[in-house]
Amino acid sequence: MNKLFSTLTLTTATALTVAIATGVMSNNSVFGETSIDLAKLRSAAVSKHNAYRATHKSPNLTISDSLNSSAQAWAEKIASSGEFEHSTNRNNVGENIYASYTTESTVDPATLGNGASEDWYSEIKDYKYESPGFSSDTGHFTQVVWKGSTQLGCGAAQGTETIQGTKYNAFYVVCQYAPAGNVQGQFPDNVLKP
């Protein structure tokens, strides 16, 4: 069964990346319940983040209830408004945003958490360790592995989006990080080569 999957991500510098791919889903695909199981999504996201961070000699992130609440509130806002943008007044909190579009009415929450984390980390291919610094092409990756960030909170919500005349279910993921990463002048000490 062919599905259109579209992924949108937004760095803390508000650069928009759009990747659209057509894929085939097998009949063995697992989908979650009608509502998103946030515990499963958060568990998958923190595990995936920490696996990536270990390869960069960054300490594990711990889950923050306050960041979970803040990220969830923002995920619900962008899902209801359809406006894919960063939250404001984050006060030293970093943020990555992700959206996945599908014709399915539900998604597996672990797949959603892993997919967002994998998408953000995939920017490693464009990061230049020999000239470290912020780039809108790598800002998600650098926030994921930022050594000085110690806490993570994630939220997810479902909305809809019409793309080229077709209505899709949109699954939004917001992860917030404290303290914030992507601080100018601190990249050599916080984004370590694997």
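Tutor: Happy to! Keep in mind that this is a predicted model. Let us start with Thr-138, which sits in the loop between α3 (109–121) and α4 (139–145).

Student: Why is Thr-138 counted as buried?

Tutor: Its relative accessibility is 2%, and buried means under 20%, so Thr-138 counts as buried. Setting aside neighbours within four places in sequence, Thr-138 is in contact with Glu-123, Asp-126 and Tyr-127.

Student: What makes the span of α3 agree with what a helix should have?

Tutor: At 1.5 Å a residue, the 13 residues of α3 should span 18 Å. The C-alpha atoms at its ends are 18 Å apart, so the two values agree. The buried residues of α3 include Leu-112, Trp-120 and Tyr-121.

Student: Which residues have the most contacts inside the largest nonpolar core?

Tutor: They are Leu-112, Trp-120 and Val-173, in a core of 26 residues. The elements giving two or more residues to this core are α1 (38–55), α3, α4, β5 (151–163) and β6 (166–178). There is also a second, separate core of 15 residues, with Ile-78, Phe-84, Ala-99 and Tyr-172 among them.

Student: Now to the rings. How many aromatic pairs are there in the whole structure?

Tutor: A search finds seven.

Student: Why is the pair of Tyr-52 and Tyr-121 called stacked?

Tutor: Their ring planes are at 5°, and planes under 30 degrees apart count as stacked. The centres are 3.8 Å apart, within the 6.5 Å that a pair needs, so the pair is stacked.

Student: What makes this pair a tie between parts of the chain?

Tutor: Tyr-52 lies in helix α1 and Tyr-121 in helix α3, so the pair ties together parts that are 69 residues apart in sequence. Both Tyr-52 and Tyr-121 are buried.

Student: And why is the pair of Trp-146 and Phe-187 called edge-to-face?

Tutor: Here the planes are at 85°, and the label needs over 60. With the centres 4.9 Å apart, the pair is therefore edge-to-face. Trp-146 is in the loop between α4 and β5, while Phe-187 is in helix α5 (residues 187–190), 41 residues apart.

Student: How do you know whether Trp-146 and Phe-187 are buried or exposed?

Tutor: Use the cut-off of under 20% again. Trp-146 has a relative accessible area of 2%, so Trp-146 is buried. Phe-187 is at 1% relative accessibility, so Phe-187 counts as buried.

Student: Which residues do ring pairs link into a cluster?

Tutor: Tyr-52, Tyr-121, Tyr-127, Tyr-129 and Phe-141.

Notes:
Residues numbered from 1 in each chain as written. Predicted model: local features only at pLDDT ≥ 70, side-chain atom pairs only at ≥ 80, totals over all residues. Heavy atoms only, no water. Helix = DSSP H or I, 4+ residues; strand = E, 2+ residues; numbered from the N terminus. Buried < 20%, exposed > 50% of the residue type's maximum accessible area, 1.4 Å probe, protein only. Contact = heavy atoms within 4.5 Å. Expected span 1.5 Å × (residues − 1). Core = buried A, V, L, I, M, F, W, Y, C linked by side-chain atoms within 4.5 Å. Phe/Tyr/Trp six-rings, centres within 6.5 Å; stacked < 30°, edge-to-face > 60°.
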